[in-house]
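Have a look at the structure first, then read on.

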Amino acid sequence: MSSNRTLGLAVAQMGAVNLADSREAVVGRLIEMLREAKSRGAEHVVFPELALTTFFPRYWIEDQEELDRFYEKTMPNPQVQPLFDEARKLEMSFYLGYAELTPEGRRFNTSILVNKAGNIAGKYRKIHLPGHSDHKLDAPFQHLEKKYFEVGDLGFRVFNLDETLFGMCLCNDRRWPETYRVLSLQSAEVVVLGYNTPSVNIHWNEPVHLRTSTHLISMQASAYQNAVWVAAAGKCGSEDGFHMIGSSVIVAPTGEIVARAITEEDEVIVTKADLQIGENFRQHVFNFAKHRSPEHYRLIVERVGAGEPLA
Ligand code: CDT
């Protein structure tokens with residue numbers, strides 16, 4: 001690949017999507033932001049996790065039909081097709097998160113990469129599912145990703161999208177160093193992700209400011225240590241009274257935030273990402289082929305939980 005490559009990279013943060021909001025209205029908002037991103041020089045737009053609906057894992061839902069309404073049975077489907085059509089017309093590529101229900105009845109928290117020709121060029125199914133599967137009656141809301149989704153079965157893969165190497169992940173994955181390292185070992189240049197992060201942690205009394213600082217610090221450290229750009233799009237604000245953090249960002253391979261959303265509403269942030277910056281780190285301090293010592297990293301794949309010190 002030639003040097004001096006740049007990518008017009010946009011993140012389209014979304015404000016609340018309430019239970020009453022139709023898919024048509026949501027897709028209309030995405031198209032609006034796609035157009036704005038194009039007018040500001042972007043070629044690729046990152047949309048949030050579960051972008052087409054409210055963050056439904058917060059609800060205990062027993063009625064199967066009611067639950068099924070949150071999943072997409074095909075992609076693109078007639079309601080989402082206008083987004084694909086507009087992106088192709090504008091020659092834009094995009095990342096989109098949604099709940100997937102397969103023909104076999106399997107359920108995944110999924111993201112796709114759609115290229116400038118309007119074709120799905122990559123799919124990811126979320127691996128690090130947070131939350132629980134039981135009904136927490138005393139909690140102010142639920143986090144039922146472990147009930148409503150299976151652990152993804154596609155691994156962390158890198159896709160060549162219009163001559164840029166993209167890795168994908170989703171929300172909680174961004175907190176895990178393994179995510180980025182597996183992608184950067186496949187030469188990812190840009191890691192794209194969507195998220196829905198409730199401001200309140202139902203498991204312990206976590207100060208609200210930490211929700212934002214751990215979100216940012218995870219991505220800044222990982223961008224630097226893996227020499228990748230990271231672009232993260234949140235769905236935020238108050239969805240039917242349940243608040244989620246904003247702070248959608250684009251992080252350079254230096255670990256620096258180069259663009260950050262300042263509202264908790266639909267907001268587009270854009271940067272001209274110099275892909276050579278990552279290359280500089282990949283050739284020197286993080287030249288993996290030269291400096292990694294996998295023989296000393298065996299525990300990473302041999303152990304799941306922490307155990308005894310090695311003898
Ligand atoms: N959607 C998602 O993965 N949210 C998680 C919440 C973690 S707390 C149960 C996140 O990492 O932001």
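Phe-47 is buried, at 0% relative accessibility (buried means under 20% relative accessible area, exposed over 50% and partly exposed in between, with a 1.4 Å probe and protein chains only). Phe-94 is buried too, with a relative accessible area of 0%. Keep in mind that this is a predicted model: local features need pLDDT of at least 70, side-chain atom pairs count only at pLDDT 80 or more, and totals for chains, interfaces and linings use all residues. Residues are numbered from 1 along each chain as its sequence is written, and side-chain values use heavy atoms, leaving out hydrogens and water.

**Ring pairs**

- Rings of Phe, Tyr and Trp (its six-membered ring) pair if their centres lie within 6.5 Å; planes under 30 degrees apart are stacked, over 60 edge-to-face, and the rest tilted.
- The count comes to 12 aromatic pairs.
- One of them is Phe-47 with Phe-94, edge-to-face at 6.0 Å centre to centre and 65° between the planes.
- Phe-47 lies in the loop between β2 (44–46) and α2 (64–68) and Phe-94 in strand β3 (residues 93–101), so this pair ties together parts 47 residues apart in sequence (helices, H or I, of at least four residues and strands, E, of at least two are DSSP runs, numbered from the N terminus).
- Ring pairs also link Phe-56, Phe-70, Tyr-71, Tyr-148 and Phe-149 into a cluster.

**Charges over rings**

- Arg-125 lies over the face of Phe-108, 4.1 Å from the ring centre (NZ of Lys or CZ of Arg must be within 6 Å of the centre and within 35 degrees of the ring normal).
- Arg-292 lies over the face of Phe-288, at 5.8 Å from the ring centre.
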